[in-house]
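Subject: Structure handover and findings

Dear colleague,

Please find the structure below, followed by an account of what was found in it.

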Amino acid sequence: MDALRGNFSDTLNLLRKATSARVYNAAKVVSSFHYSRLLNKPNHWALPTSIAIEPTTSCNLRCPECPSGLRSFTRPTGMLQAELFKKVIDELAPTLSYLTFYFQGEPYLHPQFLDLVGYASQKNIYTATSTNAHYLTDAMARKTVESGLDRLIISIDGTTQETYQAYRVGGRLDKVLEGARNIIRWKRELKSITPFVVFQFLVVRPNEHQVTAVHQLAREIGADQVALKTAQIYDYAMGSDLIPTTDKYARYKQNADGTYSIKNRLESHCWKMWQSCVITWDGKVVPCCFDKDAQYVMGDLQTESFKQIWQGPKYREFRASLLRSRSEIEMCKNCTEGTKVWA
């Protein structure tokens, strides 16, 4: 019952942020997407309803399938500048419904992170972030609640330290749980319905036996929801020790010859190319979260407006190539839709 109340309040919170301009823009996004599919031409006459922006590429952990954790970026690393962030938000706020403060890295390592959240919250935009929760001290938890952050995704990939550290290399489960408890306590102290707290459980072979246990842990601490997420494996063809044995938690299937392939069909269209995008810490606009090393840069917000990039020739050609054949785009070959099982 508490979970149902939490989901309802979160949905109501999102709906309350709707304006006539945002609803109209969303309608144009939907119509332009379906029109493009029908004609097989990349038409777009709206702005995105959702964007993700990267506070930083820095991270304290060394997760094995993460470029931040592996320190394997070829693109520059750094911190998002407040001036650039405000420029983007000021341009998009009238039509933007949802803002995710995450791409790569740990957002709480950015010294002004919650000030940036507060700026977007003042524009009545729904804000979300994803964290490994190692920096949610008592003071930081209170500031998080006070910032107006609407959704806080806490990565908790194990219910024991041994299992947790199998993927979250260098992490401490006790710090994660302490941070989660701090958030829940300050929500109650400040009588706030936000942030909506999600325990995100990346299901991999070392932790798949703890799916039931993470639900119990979430109930004990007071999280609003558990989200089970499948893992992206970069070199999956010959298998991996991280691919779960439980089929519904795996993005990949084993073939008769022992190799692995993606289970889902890769259709030659993608809703995200019309509805959302990702902005790196230094202002590069990339198509989606699969472009972790920013190899498909659509434009630079340091020198162009967002609208110029979003409706410009480079983006149109990218959408056109996607409509022709998804196989033309390397990063799309390891992309699966529906990567979360909401519990």
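In what follows, rings of Phe, Tyr and Trp (its six-membered ring) count as a pair if their centres lie within 6.5 Å; planes under 30 degrees apart are called stacked, over 60 edge-to-face, and the rest tilted. The model is predicted, and local features need pLDDT of at least 70, side-chain atom pairs count only at pLDDT 80 or more, while totals for chains, interfaces and linings use all residues. Residues are numbered from 1 along each chain as its sequence is written, and side-chain values use heavy atoms, with hydrogens and water left out.

**Aromatic pairs**

The search of the whole structure returned 12 aromatic pairs. In one of them, Phe101 and Phe113 have ring centres 5.7 Å apart and planes at 80 degrees, so this pair is edge-to-face. Phe101 belongs to strand E2 (residues 98–101) and Phe113 to helix H5 (residues 113–122), so the pair ties together parts that are 12 residues apart in sequence. Helices (H or I, at least four residues) and strands (E, at least two) are DSSP runs, numbered from the N terminus. Phe101 is buried, at a relative accessible area of 0%, and Phe113 is buried at 1%. Here buried means under 20% relative accessible area, exposed means over 50%, and partly exposed lies in between (1.4 Å probe, protein chains only).

The rings of Phe306 and Trp310 also have their centres 5.7 Å apart, but their planes are at 25 degrees, so this pair is stacked. Both residues lie in helix H11 (residues 306–310), 4 residues apart, about one turn of the helix. Phe306 is buried at 1% relative accessibility, and Trp310 is buried at 0%.

Which residues do ring pairs link into a cluster? They are Phe85, Phe101, Tyr108, Phe113 and Tyr119.

**Charges over rings**

A charge is said to sit over a ring if NZ of Lys or CZ of Arg is within 6 Å of the ring centre and within 35 degrees of the ring normal. The charged end of Lys292 sits over the ring of Phe290, 5.2 Å from its centre. Arg319 has its charged end over the ring of Trp274, 5.8 Å from the ring centre.

**Helix H12**

Arg319 is also one of the buried residues of H12, together with Tyr315, Phe318, Ala320, Ser321, Leu322 and Leu323. The elements that cover these buried residues include helix H2 (20–39), helix H10 (272–275), strand E9 (276–279), strand E10 (284–286) and H11; contact means heavy atoms within 4.5 Å. The expected span of a helix is 1.5 Å times one less than its number of residues. For the 12 residues of helix H12 (residues 313–324) this gives 16 Å, and the end C-alpha atoms are 16 Å apart, which agrees.

**Strands around E2**

In a regular strand the side chains alternate between the two faces of the sheet. Two strands are taken to pair if DSSP finds at least two bridges between them. Strand E1 (residues 50–53) and E2 run parallel and are joined by 3 bridges; Ala52 has Thr100 in E2 as its bridge partner. E2 and strand E3 (residues 126–131) also run parallel, with 4 bridges between them, and the bridge partner of Phe101 in E3 is Thr129. From E2 the chain crosses through H5 to E3, a right-handed β-α-β crossover. Right-handed means that, with the strands pointing away from the viewer, the path from the first strand over the helix to the second runs clockwise.

**Loops and backbone geometry**

The loop between helix H8 (173–189) and strand E5 (196–203) holds Leu190, which is partly exposed at 30% relative accessibility. Leaving out residues up to four places away in sequence, Leu190 touches Arg142, Val145 and Glu146. Pro195 is found in the loop between H8 and E5 as well, and the peptide bond from Thr194 to Pro195 is cis, with omega near 0 degrees.

Asn40, in the loop between H2 and E1, has a positive phi of about 60 degrees although it is not a glycine. Asn40 is partly exposed, at 46% relative accessibility. Ala294, in the loop between E10 and strand E11 (299–300), has a positive phi near 50 degrees and is buried, with a relative accessible area of 16%.

Yours sincerely
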